[in-house]
Amino acid sequence: MSMKSSRRKFLKKAASAVTGTLVFPYIIPSSSLGLGGETPPSEKILMGVIGTGSQGMSNMRSFMRLKDQVRFVALCDVDAKRLEAAKAVVDKVNRSNDCRIYGDFREFLEKEKLDAVLIAIPDHWHGIIYTAAANKKLDVYGEKPICRTINDGKVIVQAVKKNGIIWQTGSWQRSEANFHRGAELVINGRIGKVKYIEVGLPDGVRGIGTPPVQEVPEGLDWEMWLGPALKVPYRGVCHWNWRWILDYSGGQLTDWAGHHVDIANWGTGLEYTGPVEIEGTGFYPYDGIYNAPVEYDITCKFANGIIMRIANASRLPKGMGTVWYGDLGWIHVDRGNRISASDPKILEETIGENEIHLYKSTDHFQNFIDCVRTRKEAIAPIEPAYRAISTALLGEIAMTTGQKIYWDPEKEEIIGNPNASRLLGRPYRKPWTLPEV
Amino acid sequence: MKRVLNILLIISIILLIFTDCKKSPHYRALIITGQNSTDWVASTPVLKQILEKTGIFECSILISPTPGGEWDKFRPAWDKYNLVVLNYNGEKWPETIRNGFISYVNNGGGVLVYHSASIAFPDWKEYNEICGISGWDNRSEKDGPYIYFRGNRMVLDSSAGPAGWHGEPREFEVRIRNTEHPVTRGLPVRWMHAKDLLYARLRGPAKNMEVLATAYCDTTGGGTGRDEPVMMAITYGKGRVFHTTLGFPGDGTSPALQCAGFITTLQRGAEWAASGKVTQPVPRDFPTVSGVVLRTEMKPITLKEEIENLAKYEIGMSTRYYTGLQDRIKKAAGDPDKLLEIEKMMVKLLENDKATIESKKLVLRELSWMGTDYCIPTIKKLQENAELKDEVDFALERLGVK
């Protein structure tokens, strides 16, 4: 038995001691885990970060907010400047300067003995790094979308399951009251039988043309940033704006499907399946380096007959968010704690004891930490995240091929279309390969 | 032998005539102009060209007398036309002309109100109803409410104030407000329009009027900070009116008139006004929010030309021939013969020593998913080319070649 897994057992024991028998649903108050006062370092969850960009830093601060429960001890990024800035933040909180830094995730994973890792990196890296982290039996808080391609996603899901790690997707909307409430009302039939769902995601962004080739900024390991993606010279588009380029992301569509499509699935019990037919059209930029669709309109059908339309918000009557349409009314949820319904009375309904109670979390980060201790499944586990993004990725394939795609959600295969099937994956540039699970 | 050649020549001429006939115009349009606060001499031939490019319009131009001129000779033959394009604001027409126009519209004639034409005839009630909204020439609350959008809703604002305002020409984003109308169906809902004058503070009777698109007028220089209507569909009697405020002509070379979005919506609006339907497909160069698309020449190009142009591609140049190729592939979906025809041309590009490395990279990406066995030998040969190594590996792996 490795040192790490015995440490995990210790953490679990500590959690059970304070919470007694764990019943679903459960919320463990942070104070009960914190044992009051300053927690000895040995009982804190030791965490590392891969990807200290804007999302990584934001997530890290959210974990730091949970005082005394987490200690960040190691950071990894391909951009030395960002790494230094992140280390300064960590060292200040830790009141020490021993936070270790790495430029290569392989070394990070090899050397560090951690409980959990927070990963916030561009999508084209997800397949390799998520799988490698799971293989190291680290619990992972990983950003959505969990994969750039469906083939990557299948491997990640397998790696998470086989290694028995706790996985939390950064689809934090699940831990927000309005989304939970909307989904719970819908799944308990308060708008009747759901027939149609509309999911509004952001419109695309304005183009920037093609900036000239320029010198790679000091400290940025461009070759490593590209990793498995095709080699291109540096043109100043890297952090954040990678998401408008198809080699790294699918644009707003894939950036956001992990949120509002996930919520749509949550409210209709479609979390562990996928659509059977997918059609879509996209409008792609006509010029310039950004090539992800700026508008997209995808319609898919599930085996139970539910039709889901996913489009950029300006194309939809209710704009952003998830709208479930049932035969008795509709419910619309969106960010900013928004929830509305065809009849306001629907929103006042109570959910009876014997009805379906969806997993409740009021703090996405706390939920992850709790689950790391208790070894219970987190609120945003891997497979629903994979199913949400694969719906969008199938839409991307429909838009690329100009064809209606038939999908077998059980076998996870495209039916009868070898050309479209090739788009389920993106070959990796040598020497990169997906790790074996 | 000479006889055979002659016969062949005759046959080919006949074929040529027939293929030409296939596109013969369905609708006759009359552009009325001659007095305008914008340069009608410059804009009129452009409007004619844009409408005739559709292949379904044949346009005549009717020029009014100069101010104070002899109106007796100005006699539009209303009944001959399916569409009247208004590019006029000036002296008030004589009563007979006015009555003729109203009965033309009442009886189902189509009207296209272009840019500054709506400003005409402030005291002619029916004309203002046909235009829906307008500005300038002492129009005010007496002429109807201000029309603009707040969020997703059209606002009819009856507050007092003058009508008509514009700032300096600039690029702005057009937002489609009705995605189901024949004119706007299938278009991107947000797109960048080339440098143009954006009309604001328009007001009018707005009867039977639907706003199809708006544009945000920022507050620079006293702008309204509102989403101002830029395209309207109006019904009047049995007639249909398409009103666009876009298209400031300048001296006729204004980017507004070259904008693929302006051209397309004008063409679609004209067809709808003339017939009630739109048969024109959305062109593949229709702009999106990503940026303005200028159409300096509007000729559709062949696959061969597309490949030839793509072969010159270097990074930083327009990617239009690549996106064009991608669109061709999408359109050919499910037709293996057509796809193979495209694939063969793509392979020719790969084999062409003069084609740029960058163009080959793009072609390899496409072939990686839609290629057949046909392309594989050529791609394998490219393995020796160090500059293409990654893309060749990418393509071969996806194509399932070990």
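Tutor: Let us begin with Glu295(A), which is buried because 25 other C-beta atoms lie within 10 Å. The word buried asks for 20 or more other C-beta atoms within 10 Å of a residue's own, exposed means 12 or fewer, and partly exposed is in between, with C-beta atoms placed from the backbone. This is a predicted model, in which local features need pLDDT of at least 70 and side-chain atom pairs count only at pLDDT 80 or more, while totals for chains, interfaces and linings use all residues. Residues are numbered from 1 along each chain as its sequence is written, and chains are lettered from A and ligands numbered from 1 in the order in which they are written.

Glu295(A) belongs to strand 9 (residues 295-301) of chain A. Strands (E, at least two residues) and helices (H or I, at least four) are DSSP runs numbered from the N terminus. Leaving out residues up to four places away in sequence, Glu295(A) touches residues of chain A including Asp203(A), Phe283(A) and Arg315(A), and also Pro188(B), Val189(B) and Thr288(B). Here two residues are in contact if their C-beta atoms, placed from the backbone, lie within 7 Å.

Nine strands of chain A form an open sheet with mixed pairing, in the order 13-12-11-7-10-9-8-14-15. Two strands pair if DSSP finds at least two bridges between them. Strand 13 (338-341) and strand 15 (413-414) of chain A are at the edges with a single partner strand each, so one side of each has no neighbour in the sheet. Elsewhere in this sheet, strand 7 (residues 194-201) and strand 11 (residues 321-326) of chain A pair in the antiparallel sense over six bridges, and Val194(A) stands opposite Gly326(A) of strand 11.

Helix 12 (residues 382-401) of chain A packs on this sheet, where it touches strand 8 (277-283), strand 9, strand 10 (307-312) and strand 14 (405-408), and its direction makes about 65° with that of strand 8 of chain A. For such angles, axes are lines fitted to C-alpha atoms, for helices over the stretch in contact, and values run from 0 to 180 degrees between N-to-C directions. Helix 8 (residues 177-187) of chain A lies across strands 7, 11, 12 and 13 of chain A, running at about 160° to strand 12 (329-334).

Chain A also has an open sheet of six strands, paired in parallel in the order 3-2-1-4-5-6. From one strand to the next its twist averages 20°. In it, strand 4 (residues 116-119) and strand 5 (residues 139-142) of chain A pair over four bridges, with Val117(A) opposite Val140(A).

Finally, how far can you trust chain A? Its mean pLDDT is 92, with 90% of its residues at 70 or more, pLDDT being the predictor's confidence in each residue, from 0 to 100. Over residues 17-37 of chain A, however, pLDDT is below 50. Where pLDDT is low, the predicted coordinates should not be read in detail.
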